[in-house]
Amino acid sequence: MPASTPTSSGALDEVLFTLGQSLRRLRISIGDESDFAYAIGSGFWQLVLLGERGEERVSEIASSLNLDISTVSRQLKLLESRGLIERAPDKSDGRVSKVRLTDLGRGVLHQLVQARLAVINDALSSWNKTDVDALITLLDRFSRDLGSSLTDPDICSVSAQGENPES
């Protein structure tokens with residue numbers, strides 16, 4: 001018998017929906033820069049990526065985050081208007097620019113990450129270490145398995161009638 005049943009999958013889907021709502025609300029105000037958290041919004045992950053990698057082309061950011069280039073470009077323009085990122089010519093291809101964090105962007109990213117961690121730590125404050133470790137292990141495993149499933153077109157496809165084509 002498989003470990004996952006339609007009932008357990010449905011329950012997990014509900015939990016993931018609730019988790020997604022909570023994560024979207026995790027926009028933190030930072031002192032005098034409270035407008036940054038709201039303005040950054042979905043651009044937060046672009047900042048994280050640039051913080052980890054340094055310079056990136058817009059196409060590389062879009063690919064890494066599984067987003068459309070036009071979506072990423074729009075978010076990056078907002079981040080650039082806030083002084084959080086800047087563009088620099090790509091040394092290997094002068095027709096293209098790369099994006100990188102500014103000093104202000106690094107500082108805001110650091111504050112945002114610290115604020116997010118504080119909220120997460122508060123949410124887990126009544127949990128014991130064993131439960132936290134189990135959560136991390138199981139979420140990591142689920143995330144990897146979900147990512148693998150998302151590459152299978154038979155699992156991800158839906159017919160025009162809204163039914164799984166395999167049905």
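Axes here are lines fitted to C-alpha atoms, for helices over the stretch in contact, and angles run from 0 to 180 degrees between N-to-C directions. The structure shown is a predicted model, in which local features need pLDDT of at least 70 and side-chain atom pairs count only at pLDDT 80 or more, while totals for chains, interfaces and linings use all residues. Residues are numbered from 1 along each chain as its sequence is written, and side-chain values use heavy atoms, with hydrogens and water left out.

**Figure 1. The whole chain, for orientation.**
Welcome to the protein chain, which has 8 helices and 3 strands. Helices (H or I, at least four residues) and strands (E, at least two) are DSSP runs, numbered from the N terminus. Followed along the sequence, the pattern of the protein chain is α-α-α-β-α-α-β-β-α-α-α. Of the 167 residues in the protein chain, 23% are buried; buried means under 20% relative accessible area, exposed means over 50%, and partly exposed lies in between (1.4 Å probe, protein chains only). The protein chain exposes about 11700 Å², with carbon and sulfur atoms supplying 54% of that area. Accessible areas come from the Shrake-Rupley method with a 1.4 Å probe, and for residues only the protein chains shown count as cover. Contact means heavy atoms within 4.5 Å. Among contacts between residues at least 6 apart in sequence, 46% join residues at least 24 apart.

**Figure 2. Helix α3 packed against helix α6.**
Two packed helices are described by the angle between their axes and the distance between the axes. Here, helix α3 (residues 44-53) packs on helix α6 (residues 103-123) at an angle of about 110 degrees, and their axes are 10 Å apart. The two helices α3 and α6 are therefore roughly perpendicular to each other; angles of 65 to 115 degrees count as roughly perpendicular, those under 35 as roughly parallel, those over 145 as roughly antiparallel and the rest as oblique. The crossing in which α3 passes α6 is left-handed. A crossing is left-handed if the near helix is turned anticlockwise from the far one by less than a right angle, and right-handed if clockwise. To find the contact, look for Phe44, Trp45, Leu47, Val48 and Gly51 of α3, together with Leu109, Leu112, Val113 and Arg116 of α6. The residues of this contact of α3 with α6 comprise 7 nonpolar, 1 polar and 1 charged. In this grouping, Ala, Val, Leu, Ile, Met, Phe, Trp, Tyr, Cys and Pro count as nonpolar, Asp, Glu, Lys and Arg as charged, and the others, Gly among them, as polar.

**Figure 3. Helix α3 meeting helix α4.**
The axes of α3 and helix α4 (residues 58-65) come within 11 Å and cross at roughly 110 degrees. On passing α4, α3 makes a right-handed crossing. From α3 come Trp45, Gln46, Leu49, Leu50 and Arg53, which meet Ile61, Ser64 and Leu65 in α4. The contact of α3 with α4 has 5 nonpolar, 2 polar and 1 charged among its residues.

Where α4 and α5 pack, their axes come within 9 Å and cross at roughly 115 degrees. Helices α4 and α5 are therefore roughly perpendicular to each other, and their crossing is right-handed. Val58, Ser59, Ile61 and Ala62 in α4 meet Ile69, Val72, Ser73 and Leu76 in α5. The residues of the contact of α4 with α5 are 6 nonpolar, 2 polar and no charged. Between α4 and α5 (69-81), the loop holds Asn66, an exposed residue with a relative accessible area of 70%. Most residues other than glycine have a negative phi. Asn66 is not a glycine, yet has a positive phi of about 55 degrees.

Ser42 sits in the loop between α2 (34-40) and α3, and is partly exposed at 41% relative accessible area. Thr71 belongs to helix α5 and counts as partly exposed at 21% relative accessibility. Between the C-alpha atoms of Thr71 and Ser42, which are 29 residues apart along the chain, the separation is 9.9 Å.

**Figure 4. Glu86 on strand β2.**
Glu86 lies in strand β2 (residues 85-90) and is partly exposed, with a relative accessible area of 33%. Not counting residues up to four places away in sequence, Glu86 touches Lys98, Val99, Arg100, Leu101 and Thr102. The C-alpha atoms of Glu86 and Leu101, 15 residues apart along the chain, are separated by 6.3 Å.
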